[in-house]
Amino acid sequence: EGFVVTEGALTIQLGEETMTATAGSVVRIPPGVPHALRNQAIDSARVLSAAAWNRADFFREATKYLEGVPRKE
């Protein structure tokens, strides 16, 4: 997965590491790494993202994946 923060800032948990990505940042999420994104600021944040997910399964499987259960291959 990849994210480009276009506005604001996001707090990103990537495995055991936590970072802040501000506007203009590009973040790459390696396959199989648990992660979560949060906007902890009062202001809005905007991001463009791309992922190799099957669109039909994205919401069902992405939600489980973000809750800590790896998606099925």
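Is Glu17 buried, partly exposed or exposed?

A: Glu17 counts as partly exposed, because its relative accessibility is 47%; buried means under 20% relative accessible area, exposed over 50%, and partly exposed in between, with a 1.4 Å probe and protein chains only. Before going further, please note that this is a predicted model, in which local features need pLDDT of at least 70 and side-chain atom pairs count only at pLDDT 80 or more, while totals for chains, interfaces and linings use all residues. Residues are numbered from 1 along each chain as its sequence is written, and side-chain values use heavy atoms, with hydrogens and water left out.

Glu17 belongs to strand β3, which covers residues 17-22; strands (E, at least two residues) are DSSP runs, numbered from the N terminus. Although Glu17 and His35 are 18 residues apart in sequence, their C-alpha atoms are 9.3 Å apart in space.

Strand β3 runs antiparallel to β2, and 6 bridges join the two; strands are said to pair if DSSP finds at least two bridges between them. One of these links involves Ala9, whose bridge partner in β3 is Thr22. Between β2 and β3, which form a hairpin, there are 2 residues, and Gly15 in the turn has a positive phi of about 65°.

The largest nonpolar core consists of 8 residues, including Leu10, Ile12, Leu14 and Ala21; such a core is a set of buried Ala, Val, Leu, Ile, Met, Phe, Trp, Tyr and Cys residues joined through side-chain atoms within 4.5 Å. Two or more residues of this core come from each of β1 (2-7) and β2 (9-14), and β2 gives the most, with 3 residues. Leaving aside residues up to four places away in sequence, Leu10 touches several others, among them Met19, Thr20 and Ala21, where contact means heavy atoms within 4.5 Å.

Finally, the structure holds 1 salt bridge, that is, a side-chain nitrogen of Lys or Arg within 4 Å of a carboxyl oxygen of Asp or Glu. In this salt bridge the side chains of Arg46 and Glu7 meet at 3.5 Å, N to O. Since Arg46 lies in strand β6 and Glu7 in strand β1, the pair ties together parts that are 39 residues apart in sequence. Arg46 counts as exposed because its relative accessibility is 51%, whereas Glu7, at 37%, counts as partly exposed.

Notes
Helix = DSSP H or I, 4+ residues; strand = E, 2+ residues; numbered from the N terminus.
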